[in-house]
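Okay, let's get going. Have a look at the model on the screen, and I'll talk you through a few things in it.

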Amino acid sequence: MFKTNDDDGKTVYIENYFKVSEKNEDGIFYCPDIELLPDNVRLTKFGRLLRSTSLDELPELWNIFKGDMSIVGPRPLLVRYLPYYTEEERHRHDIRPGMTGLSQVSGRNLLTWDDRLGKDLEYVRNISLREDARILVLTVKKVFGREDIVVDVTKLELRDFDVERKEQYAEH
């Protein structure tokens, strides 16, 4: 996780992954020779247990201790999505990203991108200690109840955000 500034000078928090990549014709980085296996093939039993209990999120505590993340806030998304945000959606970067957030307790990956980003903006506009406490309680309930957890993301109908937005732009 690192901080940078977008074109308007606002601080943007970006999750950093080291990988060999190339730029496509849209200026988006991608990994041409790497095709990820679906989670049901790639994950071991232990990995599925970690994913289904959300324990795979625990390493993010380090980012919270460093001050790069908050416990509650919009989840960080991929850097390649930045050009596809609307002006309003960019406001999700006005605050630190979080380990859990309103969109996570409202359906996680079962939400559409518009709904997910809408929940992020709702949180940004109504940020309060009371709302953070409510989200934390709901997060604990969801984790222990194993609600809205998708272990195999290939079963989701949700496409990558950039792909979805490109298609929306092409339609207009």
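So, 35% of the 172 residues in this protein are buried, where buried is under 20% relative accessible area, exposed is over 50%, and partly exposed is in between, with a 1.4 Å probe and protein chains only. Bear in mind that this is a predicted model: local features need pLDDT of at least 70, side-chain atom pairs count only at pLDDT 80 or more, and totals for chains, interfaces and linings use all residues. Residues are numbered from 1 along each chain as its sequence is written, and side-chain values use heavy atoms, with hydrogens and water left out.

Next, the layout. We've got 7 helices and 6 strands, and along the sequence they run β-β-β-β-α-α-α-β-β-α-α-α-α. Those are DSSP runs, H or I of at least four residues for helices and E of at least two for strands, numbered from the N terminus.

Now, which residues of helix α7 are buried? In α7, residues 161-171, they're F161, D162, E164 and R165. Looking down the axis of α7, these fall within an arc of 160 degrees, so they line one face of the helix; the arc is taken from the directions from the helix axis to the C-beta atoms. As a reminder, an α-helix has 3.6 residues a turn, so residues three or four places apart point the same way. The buried residues of α7 pack against α5 (113-125), with contact meaning heavy atoms within 4.5 Å. On the face turned away from that buried side, α7 carries the exposed A170 and E171.

Last one: L61 sits in helix α3, residues 60-66, and is partly exposed at 32% relative accessible area.
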